[in-house]
Amino acid sequence: MKKSILLFAASGLLLTACQNFKKAEGGLEYKIVKDAGAEKAVAGDLLSVDIIQKSDRDSVMSSTYDAGVPQILQLYPDSIIKQNPGDPTGLFKFVGEGDSLVFKINLDSITAKTKQPKPDFADKYIIYTIKVQKHFKKGKLTDQQLSEQVTKYFEEQNAKLKGAEAGKVEAFLKNNKLATQKTASGLQYVITKPGSGKNAAVGDTVVVNYVGKLANDKVFDTNQADLAKKYKKFNAQRPYEPLRLHLGVDGVITGWTEAFQLLNKGSKATLVIPSNLAYGERQAGEIPPYSPLIFDVEVIDIIPGKAPAAAPTTIPATKLTPATPAKK
């Protein structure tokens, strides 16, 4: 259960003033930001929640709002909660649908209990802001019936994300004043710096730098250390170096296999990849279902190679349709 506590990572409201916190068992500090007057959760119930995780340096570490979908949390019986003093799960008995809760985890206490080094991303606290979006009441329902309710709920959430995708792309193009070229598959791109020589082909190895972000400009990945630090995505255990991609062989999203066949050595481009050429209905880390992906890429080198004997599992580059100007 201790592991699940720290995996809360994600989403919510803006944190309000940090006074008037109450003390809970295990040294937790919490306060109810909003009481909507709804029935409160009891053991066995499930809550769909949005969570924002922040450090006490006012830096947002993660948010389910960025992921586009809330998380499901289960309320455990007091007998289980008491076995883990300081487990924030016990705080959820104070909230119901529409309520908001803020709690702080003391890093000094966590360090003392786990005997692990104190993390360096905060001074003393990690702060969570919770917004309860939906309350699933166990009551006399079987586990299967409760699970079916949750499944239907997330199907509805995903349907909303799917319906919003086109609008996200249009807003991104408008906000960034991009006039794109569009392939028959739906891939859109702008070459921001022309290169020279032949375009890459299936079987070649392309050596690239990239920054990946969502349509709201939230960066989720890059292979460049300086940018990873700038966007707070740096991982000291990861090697930061140009990516070598064996085109049509290495397993990457379909949109990449197509896009790099449209580029030559030295070129830079912005790619706008629809979700059907990326992760579709799946959530991939910070990437929500039905998310269009934006990549700023640079082709550093193209190493000629032979096309694989078997046809690539990803689609080839397609002919262009007329340019799509950004709406003003």
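Arg-57 is partly exposed at 43% relative accessibility, a class that lies between buried (under 20% relative accessible area) and exposed (over 50%), with a 1.4 Å probe and protein chains only. The structure is a predicted model, in which local features need pLDDT of at least 70 and side-chain atom pairs count only at pLDDT 80 or more, while totals for chains, interfaces and linings use all residues. Residues are numbered from 1 along each chain as its sequence is written, and side-chain values use heavy atoms, with hydrogens and water left out.

Arg-57 forms a salt bridge with Asp-123, with 3.1 Å between the closest N and O atoms; the term denotes a side-chain nitrogen of Lys or Arg within 4 Å of a carboxyl oxygen of Asp or Glu. Asp-123 lies in the loop between α4 (107-114) and β7 (125-136), and Arg-57 in the loop between β3 (46-55) and β4 (60-63), so the pair ties together parts that are 66 residues apart in sequence. Helices (H or I, at least four residues) and strands (E, at least two) are DSSP runs, numbered from the N terminus. Asp-123 is also partly exposed, at 46% relative accessible area.

A search of the whole structure gives 14 salt bridges. Among them, Lys-213 pairs with Asp-217 at an N to O distance of 3.7 Å. Lys-213 is buried, at 15% relative accessible area, whereas Asp-217 is partly exposed, at 40%. Salt bridges with shared partners also join Lys-23, Glu-29 and Lys-104 into one network. Lys-23 is exposed, with a relative accessible area of 63%, and Glu-29 is buried, with 12%.
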